[in-house]
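Have the viewer open as you read.

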Amino acid sequence: MAQKIKFGTDGWRGVIAEDYTFDNVRRCAQGFANYMLAQGKKGQFVVVGHDMRFSSEHFAAATAEVLAGNGLKVYLTQEATPTPVIAYAVVDKKAAGAINITASHNPPTDNGFKVRNDTGGAIDPEGLQQIEGGSLMTSKM
């Protein structure tokens with residue numbers, strides 16, 4: 001049975017290589033894709049960014065692959081990008097939302113999967129529950 005992924009205020013985080021794995025990040029990305037598709041966002045852009053933590057760029061690329069495999073278009077940052085820039089990019093690019101691979105102020109052993117809505121702001125608690133629930137489904141890739 002798959003490990004339970006529990007979203008907090010802005011998303012999910014875990015200890016790298018313990019529970020923050022490529023499989024679990026892909027599950028979160030699938031949950032976000034399911035959420036976007038349920039809102040009629042197929043074919044729209046999602047911004048995907050990352051920080052400088054261990055392998056964040058690879059986790060971001062894996063996230064982008066899942067989103068693209070679900071019919072979403074992706075703006076993937078080419079380098080580490082501050083969290084406020086990701087939020088700004090959503091508005092600037094008129095994107096449907098964003099995912100940022102970062103654990104912000106948490107220990108360097110952690111990484112995270114932060115989600116944003118079409119205003120670059122936090123997704124409401126009901127939306128987070130939908131994303132969390134969708135992470136139990138298998139990827140379409």
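Five salt bridges turn up here, a salt bridge being a side-chain nitrogen of Lys or Arg within 4 Å of a carboxyl oxygen of Asp or Glu. Keep in mind that this is a predicted model, in which local features need pLDDT of at least 70, side-chain atom pairs count only at pLDDT 80 or more, and totals for chains, interfaces and linings use all residues. Residues are numbered from 1 along each chain as its sequence is written, and side-chain values use heavy atoms, with hydrogens and water left out.

Start with Glu-132, which meets Lys-4 at 3.4 Å, N to O. Glu-132 sits in helix α4 and Lys-4 in the segment before β1 (11-15), 128 residues apart; helices (H or I, at least four residues) and strands (E, at least two) are DSSP runs, numbered from the N terminus. Glu-132 is buried at 9% relative accessible area, while Lys-4 is exposed at 54%. Those words mean under 20% for buried, over 50% for exposed and in between for partly exposed, with a 1.4 Å probe and protein chains only. Glu-132 also forms a salt bridge with Lys-6, the closest N and O atoms being 3.9 Å apart.

Another bridge joins Arg-116 to Asp-10, with 3.1 Å between the closest N and O atoms. Arg-116 belongs to strand β5 and Asp-10 to the segment before β1, so this pair ties together parts that are 106 residues apart in sequence.

What about a charge without such a partner? Lys-41, in the loop between α1 and β2, is buried yet has no salt bridge, and Asp-118, the nearest side chain of opposite charge, is 4.2 Å away.

Now turn to the nonpolar cores, sets of buried Ala, Val, Leu, Ile, Met, Phe, Trp, Tyr and Cys residues joined through side-chain atoms within 4.5 Å. The largest has 26 residues, and Phe-7, Trp-12, Phe-32, Leu-67, Phe-113 and Val-115 touch the most other members. Helix α1 gives the most to this core, with seven residues. A second, separate core of six residues includes Val-47, Ile-86, Val-90 and Ala-98.

Ile-86 and Ala-98 come up again among the residues lining the largest cavity, as do Val-115 and Arg-116. On a 1 Å grid over the protein atoms alone, a cavity is a set of points where a 1.4 Å probe fits but cannot get out, and lining residues have an atom within 4 Å of a point. About 40 Å³ of space lies in the largest cavity, the volume being the space filled by probe spheres set on the points, which are joined across faces, edges and corners.

Definitions and conventions: Lys, Arg positive; Asp, Glu negative; His and termini not counted. 1 Å grid on protein atoms, 1.4 Å probe; cavity = no way out; pocket = protein on both sides within 12 Å on 5 of 7 lines; lining within 4 Å.
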